[in-house]
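Q: I would like to learn how to read charges and aromatic rings in a protein model. Can we go through them one feature at a time?

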Amino acid sequence: NEAPAALLPAIGRCSQRELSFPNLMSGYRVYTAGSKGAGRGGTPTLLHGSEAAYWPHAESTIAGLLNSIPDEDGTEIILESTANGPGDAYHQRWQMAVSGLSDWIGIFLPWSLSPEYRRVPEPDFQPTDEEKELMALHGLDEAQVNWRRHKIMDLGSEALFRHEYPITADEAFSATDFDSFIASEHVLRARKAERDGSGPLIL
């Protein structure tokens, strides 16, 4: 709105779901994931799908959207989401991306990257042994650990915190499975540890 009127593009269709710029041959469209036909019938070049792991008809919706976007230079598809456990359509595409079996690029952003997720430690603040281990594993400082501690109190559950604020991709996709046989933090700890091998190799 601050640009000179002469530079503003002419607006064509304008509604809650669509905004077009006919002189630029471009525009935006908004779909809800609850619609089974979302994205079908159009030829978009850029797609941003938000909270894709929670779409009620994820497989058919993703298929319709992907089929509408040509595989050409200048096109881009982004599917982002809080993870919703292992095995769904979103997780399957994540696995293909990180294993190099598709054209997708897997990007995980831990909560620790957000500068606002900090809380100045109280004068008597002392990290627990678990928090010290998290600090060592992930390079957290006391302000981040203190924020985490208070957020867990707000949510009422450390498992729920790990689901909403994962710090690793493995934690993100396993956090909804609260009854897993081996907790994800134990797996991460084992991966970071260095031990000399001993005993027989059993296959």
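Q: Which residues gather in a patch of negative charge on the surface?

A: Note that this is a predicted model. The patch of negative charge consists of Asp71, Glu72, Asp73 and Asp103. Two of its members, Glu72 and Asp73, are in the loop between α1 and β4.

Q: Is Glu72 buried or exposed, and what about Asp73?

A: Exposed means over 50% relative accessible area. Glu72 has 54% and counts as exposed. Asp73, at 81%, is exposed as well. The C-alpha atom of Asp73 is separated by 9.4 Å from that of Thr45, 28 residues apart along the chain.

Q: How many salt bridges are there?

A: Side chains of opposite charge can pair when their charged atoms come close. In this model the count comes to eight salt bridges. One of them joins Arg118 and Asp141, at 2.7 Å from N to O. Arg118 lies in the loop between α2 and α3, and Asp141 in the loop between α3 and α4, so this pair ties together parts that are 23 residues apart in sequence. Arg118 is partly exposed at 40% relative accessibility, and Asp141 is partly exposed at 29%.

Q: Which residue meets Glu131 in a salt bridge?

A: Arg149 does, with 2.6 Å from N to O. This pair links helix α3, which holds Glu131, to helix α4, which holds Arg149, 18 residues apart. Glu131 is buried at 5% relative accessibility, whereas Arg149 is partly exposed at 24%.

Q: Where do Glu158 and Arg162 lie?

A: Both are in helix α5, four residues apart, about one turn of the helix. Salt bridges that share partners join Glu158 and Arg162 with Glu130 and Arg148 into one network.

Q: How many aromatic pairs does a search of the whole structure find?

A: A pair of aromatic rings is described by the distance of the centres and the angle of the planes. The search finds nine aromatic pairs. Tyr90 and Phe173 have ring centres 6.3 Å apart and planes at 40°, so this pair is tilted. Tyr90 is in helix α2 and Phe173 in helix α6, so the pair ties together parts that are 83 residues apart in sequence. Tyr90 is buried at 14% relative accessible area, and Phe173 is buried at 9%.

Q: What is the angle between the planes of Phe161 and Tyr165?

A: The angle is 25°, with 5.3 Å centre to centre, and the pair is stacked. Phe161 and Tyr165 also belong to one aromatic cluster with Trp111, Tyr117 and Trp147. Phe161 is buried at 2% relative accessible area, and Tyr165 is buried at 17%.

Notes:
Residues are numbered from 1 along each chain as its sequence is written. This is a predicted model: local features need pLDDT of at least 70, side-chain atom pairs count only at pLDDT 80 or more; totals for chains, interfaces and linings use all residues. Side-chain values use heavy atoms; hydrogens and water are left out. Rings of Phe, Tyr and Trp (its six-membered ring) pair if their centres lie within 6.5 Å; planes under 30 degrees apart count as stacked, over 60 as edge-to-face and the rest as tilted. Buried means under 20% relative accessible area, exposed over 50%, partly exposed in between (1.4 Å probe, protein chains only). Patches are made of residues with over 30% relative accessible area and no salt bridge: like charges are joined within 9 Å, nonpolar side chains (Val, Leu, Ile, Met, Phe, Trp, Tyr) within 5 Å. Accessible areas come from the Shrake-Rupley method with a 1.4 Å probe; for residues, only the protein chains shown count as cover. A salt bridge is a side-chain nitrogen of Lys or Arg within 4 Å of a carboxyl oxygen of Asp or Glu. Lys and Arg count as positive and Asp and Glu as negative; His and the chain ends are not counted. The place of a charge is taken as NZ of Lys, CZ of Arg, CG of Asp or CD of Glu.
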